[in-house]
Amino acid sequence: MAAVEAGTEARGARRPEWLENIGGQLLAVLTALGIAVLLGSIIIVAYSAGTGVGEDPITVYRAILNGSFGDKNGFGYVLANAGPLIFSALAVSVCFKGGMFNIGVEGQFIVGMATASFAALTFTFLPAPLLVLTVLLFGMLGGMAWAAVPAILKVKTGAHEVVTTIMMNGIATSLVAWVIGGPLRYEDTGGGFNVNLRTDPFPDAAMIPDLGHLFGIRSSARLSWVLLLALLTAAVMWFVLRRMRIGFEARAVGASPGSAQAGGISIGAVQIKLFLISGALAGLVGIQQLFADQGFLPAGYEAGIGFTGIAVAFLGQKSPLGIVFAALLWGVLARGETSLQLETDMPREFIIILQGLLIISVVVTYQLAKRRLFARQLRRAAAVEDLRDSEAPADAGPSEGSGDEGEVR
Amino acid sequence: MGSDGDGAGRESASPLVVMQGVSKRFPGVVANDDVTLDLRPGEVHALIGENGAGKSTLMRVLYGLYPPDGGTITVRGREVKIASPRDAIALGIGMVHQHFVLVDPFTVAENVTLGDEGGPILHAEDAEQRVKILADSYGFHIDPAAIVEDLSVGEEQRVEILKALYRGVDILILDEPTAVLTPAETNDLFENLRRLRADGKTIVFISHKLDEVLAIADRITVLRRGAVVGETSPAETTKAQLAEMMVGRPVLFRLDKPQVQAGDVVLRVDDLRGGRLHGLSLEVRAGEIVGVAGVEGNGQRELANAIMGLQPLDGGHILLGDRDLAGVSTEEIRDAGIAFVPEDRHEQGLVLDMTLWENAVIGRHDDDEFSGRGGVLFIRKIKELARRLIDEFDVRTRSIESTARTLSGGNQQKLILARELETDPRLLLAAQPTRGLDVGAIEFVWGQILQQKAEGRAVLLISAELDEIYALSDRIVTLYEGRITGEFSPDAPAEELGRAMLGGVVDRAS
Amino acid sequence: MPLGDIGAAIGIALTYYTIIYVTGLGGLFSERSGIVNIGLEGMLIVGTVTGSWGTAELTPELGLPWGPLLGMMIGMVAGAAFSSIHALATVTFRVDQIVSGVVINLVAVGVARFLSTIFFGQATQSDSGQPRMNPLDLPLLSDLPWGLGKAFQGLSPMVLVALVMVVPATYALSRTRWGLRLRSCGENPEAARSLGVRVAAYRYQGVLLSGALAGFAGAFLAIEVNLSWNEGQTQGLGFIALAALILSNWNPIRLMAAAFIFGFAQAIPLRLADAPIIGAIPPEFIRMTPYVVTIVVLAGFVGKVRPPAAAGRAYEASGGG
């Protein structure tokens, strides 16, 4: 064995497994992209034919890309937009690594916005950097608190987190609506009648400085330090998942709860910790809207980022690096809505269809790629076996007493 | 030798089924390699080989569950393509799998008639009536209206056989049928098989239990690593010869047990209650191997889980030395010195999708040696550990970065053993430790277990294989319905053990 | 408290019962065949937009009578077609069933918007005031005294359909060959396969049936309740149907009771907001009622129910059949 190991290590530089895995994943993503583009083209042609609009796929796709790469402000928007998406997708993927589905990022981020607003309006005596940190902290705490409920219910009663988190979303929407209309409501003391429900404006000390001006960018979503924070968070999450105990335990629980438990890992503790981390990340989703763009919490806040985060997480195959790229890609598509409308006759809703196609093809392609990877791993492993002593890999599809016809007990 | 002579007169009958040059491949392995085999009417044909030899796969090809990659199958003189179980059944071929495929919430009659209900509307009484008549005609005792979930293992097996007979099969394939039966139930089964044979049916008996094969078979075909290495009959061979054909070299059936003076009591289990446990008590001393014999389903899994803290208890104590472990977390139990080799290495042993080095450190990942206070893992140290374990236990793999899924069953078990024994435990709890392993791996595992005893540790062995119990144990206890029903020395005859395994309370033997 | 309010609330409850029961029943068939269907909400959404179009645009254009009914049929077909994505992903490609369901829900919103621009020229709503079926007053029951009769006045005929649906559903499941085979696919697909039952085919049927029923329920919501299509009008009813399904232990008869309970929870904010005690609570909190009820039910009952044994597990069928 030592000889085998040494030989492999020496040749390790030739083809390390992790590199092959990434290569395989990249291939899968590109294939999925290609399929989505292809299917999208079919829809464009069908739509054109059906409604006499007369657009061709190339023009359409070019128009979409123009929105982001045609001018600096467009690109700035894509970057700024990516920040909240990264937080949202990271929140989803953290739980997913542990085998759970946190569909409640939407509710957690909304509550996080409320608690962050509360902090901004209460701790006004703090100077700028401290107030910003306090605001971030309260945002995370709000998200964590909201995520704790379904987590505890799951661990104590077994209630499935998919349904409970979604219900919590509904409750959050109503709760925050009440908060905006009640305790934190903005009374315009200038005597004017305020039509739009919202909170008081936040003190300047709470706002996050703009970065776009450094590059001459003024985009509708302000490019600010939030993006850097998001990238940093992604890197931190990578480290947590791969190099820290909690990440290790989470992956073990997600991949094989029985083996993890028999090994002494407490499944319930891991699940709750994951949900709390997830909630904290979710609580940061709204920071861009509130503390870089708007300056207050409006009743008509931009909702839906929690769900988009799920899409981005799937697109990025739930790895922090993939998520960053997926968030950027999503931003390009979102920005493409406007340019599509301006430059072509395709309805802007085509973008949503394209996004849907992309998610579906990524999910399916990923599944197929995973199976082919297994088959290849098994073939490789068999080749290593000493011929004199070769044994059939236990999982080579069915073998004695452990067939895939449900016989692995 | 054992076999009844009934089949002898029919040796000249022309074959019913001929599998000619059949091959079957899966990613990374050739399961069947150019196999030629024939089946005659009115015979019991045994198909033997060690785990991984290809016996089940070959019969699954015959039953239409897998398409063959090469070769032909001829039934009653005509070459056929069997693309699904439906085709096989239409040709008169039926199969009873090693792990039963019954729908638990359905009745016996529903299970038997599923797929052949006789019309779009169900008539439960008619179905039950028909099933009862069929069962009686073969001397099977079964209640067609019973819910399968409530049946015993032996009864479930009868339902499986009835499923095949209901469809008028002439050839009945049984895959390791006695793995889950007590000695008495095995005798009942053989009675039924003889009756079927007398009726002109063909039985294919897949097994690795040589004593039984010699007792019931008319002809024996031996497979090794996917290929046929011999065909013989009980009159022409011995158990040792068969074993040698199966493995390719002479096989020892007993290893030398080291003589060790048993020390203090390390583990005492007292009146455990909960789930399938109904007042179980036993004790294990340092330097001794206690074997828990019993048919699956009598509380083995629950006993192991209870000791490891994986299952809540309604009552009872588990004492490791002076410490009561009932209610303590699994992590603490492991830290206290119990190592666990689980019966299901995929569900409770390894995380298949994680790498070997990650698997090597599960359970010890929070030791100071492998992770710091802040929670950061010392990857380099962990990989060193993994390399050492893999080296010492000769786990064959391309690299430690491969996932556990790529290891063969024997290598997976070796990795688990390596990991668990590294903790220098006071007690080794091993449940079905050699299930699904080939002879080489079995010898290795047995050697390791005996080594633990030689080093003065306590071993609690839970196994459904009597061979293993006899080979390793210093003391044997029998488990039935969640209680210990008898204690024996390794010299006790199997029939006595068998009786205790069925609940007959036996006086303590010497 | 005027009992008429309670009567009105019961009427609303019956209407929401219809949506929840029909959707839940669809989910029942899917799950008992072995495929978990989280995507019921998405299928509902598809039903709402297509049903609305069917009633308001298509049938008048084609000059067909019975617009509302045809609209609901169209919703049914559209729901089934949409659910085929879920079936394809989970049965053929063996994608994780919950992942697929979540994706279905995400995509449905986009699809609905896209179709809406094509059908109605706007992304998030249709014109209001669409035609609906003639409401019924149930004989005898609508004359109940003390205002309770209000519960049974002005009901859509489809409510009656939803009340009797349990009969053919139960019969099909427990007395037909089809039902037996379907259930076997959800309890032990290996057993079914080994006897020649084509598991994949039955699972496709289960999923398509769930899409059809959910699509129908969505169309009913748009046509009979809201008389228009609006984005977000499904309000999580698909998930509430899932909760009802769990509460009912996957039994069509008990599902009726569960669906009614949840239907009543929907009615509280709508008709009982002014009742004593309830009236003192801020309206936003009252709106939370259905969600809170769902959580409480789930937390209290999950441990005590027994889902189909093989639901959620991918089944690998190698070779034929």
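Which residue takes a positive phi in the hairpin of β11(B) and β12(B)? In this predicted model, the residue is B:G275, with a phi near 60°. The hairpin has 2 residues between its strands. Strand β11 covers residues 265-274 of chain B, and strand β12 covers residues 277-285. The two strands pair in the antiparallel sense, over 7 bridges. Within this pairing, B:R268 stands opposite B:E283 of β12(B).

Chain B also holds an open sheet of 4 strands. Their order is β2-β1-β4-β5, and the pairing is antiparallel. The edges are taken by β2 (29-39) and β5 (78-80) of chain B. Each edge strand has a single partner, so one side of each is left without a neighbour in the sheet. On average, neighbouring strands of this sheet are turned by 30° against each other, direction ignored. Strand β1 (residues 17-26) of chain B runs antiparallel to strand β4 (residues 70-75) of chain B. These two strands are joined by 5 bridges. At one of them, B:Q20 has B:T72 of β4(B) as its bridge partner.

At the level of domains, chain B is divided into three parts. The centres of domain 2 and domain 3 of chain B, taken over C-alpha atoms, are separated by 38 Å.

Chain A is divided into two domains.

Helix α14 of chain A, residues 305-315, is mostly covered. Of its 11 residues, 10 are buried. Among them are A:I305, A:G306, A:T308 and A:G309. The buried residues also include A:V312, A:F314 and A:L315. After α14(A) comes A:Q317, whose phi is positive, near 50°.

In chain C, helix α3 (residues 67-92) meets helix α9 (residues 199-226). The helix axes come within 6 Å and cross at roughly 145°. The crossing of α3(C) past α9(C) is right-handed. In the contact of α3(C) with α9(C), the residues divide into 19 nonpolar, 10 polar and 1 charged.

Chain C also touches chain A. The contact takes 37 residues from chain C and 38 residues from chain A. Several elements of chain C give two or more residues to the side that touches chain A. They are α3, α4 (97-120), α10 (237-247), α12 (283-286) and α13 (289-301) of chain C. Which of them gives the most to this side of chain C? That element is α4(C), with 11 residues. The side of chain C that touches chain A has 26 nonpolar, 5 polar and 6 charged residues.

Note on methods. Residues are numbered from 1 along each chain as its sequence is written. Chains are lettered from A and ligands numbered from 1 in the order in which they are written. This is a predicted model: local features need pLDDT of at least 70, side-chain atom pairs count only at pLDDT 80 or more; totals for chains, interfaces and linings use all residues. A residue is buried if 20 or more other C-beta atoms lie within 10 Å of its own, exposed if 12 or fewer, and partly exposed in between; C-beta atoms are placed from the backbone. Two strands pair if DSSP finds at least two bridges between them. Axes are lines fitted to C-alpha atoms, for helices over the stretch in contact, and angles run from 0 to 180 degrees between N-to-C directions. Domain bounds come from an automatic or database domain assignment. A crossing is left-handed if the near helix is turned anticlockwise from the far one by less than a right angle, and right-handed if clockwise. Ala, Val, Leu, Ile, Met, Phe, Trp, Tyr, Cys and Pro count as nonpolar, Asp, Glu, Lys and Arg as charged, and the others, Gly among them, as polar. Two residues are in contact if their C-beta atoms, placed from the backbone, lie within 7 Å.
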